[in-house]
Amino acid sequence: MIPKHVAIILDGNGRWAKAKGMPRNYGHTMGAKNVEVICREAYHMGIKYLTLYAFSTENWNRPAAEVGALMKLLDSYLKNCQKTAKKNHIRVRVIGDISRLDDKFQQNIKELEAASAEYDGLNLQIAINYGSRDEILRAVRRMLSEYDNGMLAAEDLDEAKFASYLDTAGIPDPDLLIRTSGEQRLSNYLLWQLAYSEFYFTDVPWPDFTKEELKRAVDAYSARDRRFGGIEKKEEK
């Protein structure tokens with residue numbers, strides 16, 4: 001059974017580069033190149049949604065030179081992504097608080113999202129300056145603002161309504177989370193959305209995460225009995 005939505009924490013770029021005697025930024029560059037490969041393979045496998053953790057709110061604490069290089073790389077990737085998205089009919093959305101990004105970067109994001117909005121292939125979400133606690137706080141602020149303005153009543157609030165304030169509004173929750181490079185934690189990623197997801201951890205660093213590794217993760221997911229409160233969950237086709 002193929003998961004409808006897969007979320008991935010792209011980990012291990014820097015360690016992968018260090019092991020090869022290369023600078024960390026080389027690892028980030030090679031990791032970015034691997035994104036297109038995995039997007040293509042995910043779509044061919046029948047995965048409908050793919051959400052990638054590209055830059056977290058905590059990543060700002062990295063050395064300034066590395067942060068600068070990452071921002072430049074992400075901006076360049078998104079520019080090139082317009083052509084890739086058009087070629088492969090990928091709808092691209094960015095989740096996270098983009099207000100901290102420079103104006104040009106924000107404009108590139110808006111142009112990419114607008115240009116790909118009608119594409120009917122893979123739905124690709126890229127998390128940039130994303131942290132789940134930050135996302136939830138921003139959602140609560142918007143919700144309280146609407147409440148104060150008389151646009152929301154307390155009795156209107158349920159799980160579905162709250163989810164509509166999140167960055168992932170309109171996107172189904174992930175069925176499977178993959179984290180590469182050996183770490184086994186969520187790192188403030190999609191905490192609300194991953195409530196019922198299956199987790200798959202691999203020691204393989206992101207630049208070495210091939211289509212065979214993706215298939216291995218999906219096979220592991222397919223082999224599990226997904227049960228909720230003793231009731232087997234029927235997966236959507």
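Biologist: How many nonpolar, polar and charged residues form the lining of the largest cavity?

Modeller: Rolling a probe the size of a water molecule over the atoms shows where empty space is left. Here, the lining of the largest cavity has four nonpolar, five polar and one charged residues (nonpolar: Ala, Val, Leu, Ile, Met, Phe, Trp, Tyr, Cys and Pro; charged: Asp, Glu, Lys and Arg; polar: the others, Gly among them). These residues are H5, T51, Q125, T168, I171, P172, D173, P174, L190 and Q193. This is a predicted model, in which local features need pLDDT of at least 70 and side-chain atom pairs pLDDT 80 or more, while totals for chains, interfaces and linings use all residues. Residues are numbered from 1 along each chain as its sequence is written, and side-chain values use heavy atoms, without hydrogens or water.

Biologist: What space lies in the largest cavity, and what in the largest pocket?

Modeller: On a 1 Å grid over the protein atoms alone, a cavity is a set of points where a 1.4 Å probe fits but cannot get out, a pocket is an open set with protein on both sides within 12 Å along at least five of seven lines, and lining residues have an atom within 4 Å of a point. Points are joined across faces, edges and corners, and volume is the space filled by probe spheres set on them. The whole structure holds one cavity of 30 Å³ or more; the largest cavity has about 60 Å³ of space, and the largest pocket about 640 Å³. Two or more lining residues of that pocket come from each of α1 (13-19), α2 (24-45), β2 (49-56) and α3 (64-88), helices (H or I, at least four residues) and strands (E, at least two) being DSSP runs numbered from the N terminus.

Biologist: Which residues lie nearest the centre of the largest pocket?

Modeller: Of its 30 lining residues, L10, Y53, A54, N59 and R62 lie nearest the centre. The lining comprises 14 nonpolar, eight polar and eight charged residues.

Biologist: At what angle do the axes of α2 and α3 cross?

Modeller: Two packed helices are described by the angle between their axes and the distance between the axes. The axes of α2 and α3 come within 10 Å and cross at roughly 20° (axes are lines fitted to C-alpha atoms, for helices over the stretch in contact; angles run from 0 to 180 degrees between N-to-C directions). That makes α2 roughly parallel to α3 (under 35 degrees; over 145 is roughly antiparallel, 65 to 115 roughly perpendicular, the rest oblique).

Biologist: Which residues of α3 meet α4?

Modeller: M71, L74, D75, L78, K79, C81, Q82 and A85 do (contact: heavy atoms within 4.5 Å).
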